Amino acid sequence: MAELGSKGVTAGKIASNVQKKLTRAQEKVLQKLGKADETKDEQFEQCVQNFNKQLSEGTRLQKDLRTYLASVKAMHEASKKLTECLQEVYEPDWPGRDDTNKIAENNDLLWTDFHQKLVDQALLTMDTYLGQFPDIKSRIAKRGRKLVDYDSARHHFEALQTAKKKDETKIAKAEEELVKAQKVFEEMNVDLQEELPSLWNSRVGFYVNTFQSIAGLEENFHKEMSKLNQNLHDVLLGLDKQYSGNAFPIKAQPRKKTKLFARLRKKMSSDSTPAKANKSPSPPPDGSPITSPETKTVNHELEPSTLEAPGASIPKSPSQPAEAAHAGAEAAGSEATAGAEASKTEADSGSSSLPAVVVETFPATVNGTVEGGASSERADMPPGFLFKVQAMHDYTATDSDELQLKAGDVVLVIPFENPEEQDEGWLMGVKESDWIQHKELDQCRGVFPENFTERVQ
């Protein structure tokens, strides 16, 4: 019988809870549709917003603190591995071996102590601080449900009072339910109205204590670690003095590609003789290119029917290059005039028949810029100037296309003409002193290892 009675109570309680949920759901629908008014408390709603913000900030702080502790743990492991490596490479006959072992041991203890204190004074405090939020959050939700119950009881009581047929028994029972619902709601509401502002104001002191603890622990840790590092520095300094003759040289990265200037010299050498097309004529006997200080000439093959009659030829006299250059300058790049002049000269000479040569002229260039034209480069810097670097170490050039550097030399960095020719870890430039003195790139520029320099501008 007792068992059946217990089951009956349980079933009745479940039925009561189901009925409450249905009543609340109905009340909320009516409130959303505007058919029932809702009790509002703007001050409490602001407290709830502050509570949610405080919970969000605290959860984030807890997450970041755990990440920080994980990083400290990882740094501890990395430091431990590093000191173990030092102990392994430190040979028994080297001075200071016992000191390095002691330093490594103290280093490990210091990291362990730092991590543990962070856990005790920051993480556990953080966990305690956030531990109060779930209960308060649950009570806020329960208050919301009790408020709906109160509104529902109030609306039910008001409906019975305004009904055409009044049932005093139902009205009395409804009033009793209303008083009961109001009492439960107000008890919870009063407690939360006191706790939420107090919790919100406590955040300032909590943040201050937490970050003060972290800052203080870090300060002490780094002070002690600094002492250990200074001790290690002194031990290694003593080792260096004993083996001072075995200094470690600073080396540049190896250059894997073919030397740049070797290719440039080869190219310039090949460009010093006239280029031959499929039907290009032979060069003059003396091999002199047709050039002048202010004009650049390019030989192009023309169809015989264009500018000359068959049988015309190029004169073989030594005076031809100067005459052709003069004619090209006078004609200002006119192909027709140059062609006519060439045809006339060839007809007078009666030499062997060869295609006509057209002399094209280009504006003279000075220091890589066109005379008379606008230049975007700074007047005091080489063309394509990128930035300045200063040599931090001496560098002895190992090839003709490399710069010889002394510590303190300033180098003006410029781009490679062909980016594919740049080796990793190497830059192209000209020493500032050479540029100021000569204003030339061809003879002064060169490549140098980037790790021997530091950017200054």
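Is E417 buried or exposed? At 61% relative accessibility, E417 counts as exposed, because that class takes in residues with over 50% relative accessible area, while buried means under 20% and partly exposed lies in between (1.4 Å probe, protein chains only). The structure examined here is a predicted model, in which local features need pLDDT of at least 70 and side-chain atom pairs count only at pLDDT 80 or more, whereas totals for chains, interfaces and linings use all residues. Residues are numbered from 1 along each chain as its sequence is written, and side-chain values use heavy atoms, with hydrogens and water left out.

Side chains of opposite charge can pair when their charged atoms come close. Twelve salt bridges are present in the structure, a salt bridge being a side-chain nitrogen of Lys or Arg within 4 Å of a carboxyl oxygen of Asp or Glu. One of them joins R445 to E417, with the closest N and O atoms 3.2 Å apart. This pair links distant parts of the chain: R445 sits in the loop between α10 and β8, E417 sits in the loop between β6 (410-414) and β7 (426-431), and 28 residues separate them. Helices (H or I, at least four residues) and strands (E, at least two) are DSSP runs, numbered from the N terminus. The two partners can be told apart by their cover: R445 is buried, with a relative accessible area of 15%, whereas E417 is exposed.

Other salt bridges are found inside helices. In helix α4 (residues 133-162), R139 and D135 are four residues apart, about one turn of the helix, and their side chains meet in a salt bridge (3.6 Å, N to O). D135 is partly exposed, with a relative accessible area of 46%. Salt bridges that share partners join D135, R139 and E195 into one network. Helix α5 holds the pair E219 and K223, again four residues apart, about one turn of the helix. Their closest N and O atoms are 3.5 Å apart. E219 is partly exposed at 44% relative accessibility, and K223 is partly exposed at 48%.

Helix α5 (residues 168-242) also contains D191. Together with E186, E187 and E194, D191 forms a negative surface patch. Patches are made of residues with over 30% relative accessible area and no salt bridge, like charges being joined within 9 Å and nonpolar side chains (Val, Leu, Ile, Met, Phe, Trp, Tyr) within 5 Å. With a relative accessible area of 38%, D191 is partly exposed.

T100 belongs to helix α3 (residues 97-131) and has a relative accessible area of 2%, so T100 is buried. A polar atom of the T100 side chain lies 2.6 Å from the backbone oxygen of R97.

Finally, two loop residues deserve a look. K439, in the loop between α10 (432-438) and β8 (446-449), has a positive phi of about 55° although it is not a glycine. K439 is partly exposed at 29% relative accessibility. D380 is found in the loop between β4 (369-370) and β5 (387-391), where D380 is partly exposed at 41% relative accessibility. D380 and I436 are 56 residues apart in sequence, yet their C-alpha atoms are 8.2 Å apart in space.

Conventions:
Accessible areas come from the Shrake-Rupley method with a 1.4 Å probe; for residues, only the protein chains shown count as cover. Lys and Arg count as positive and Asp and Glu as negative; His and the chain ends are not counted. The place of a charge is taken as NZ of Lys, CZ of Arg, CG of Asp or CD of Glu. A polar contact is a pair of N or O atoms within 3.5 Å; within protein, one must be able to donate a hydrogen and the other to accept it, and residues adjacent in sequence count only if both atoms are side-chain atoms.
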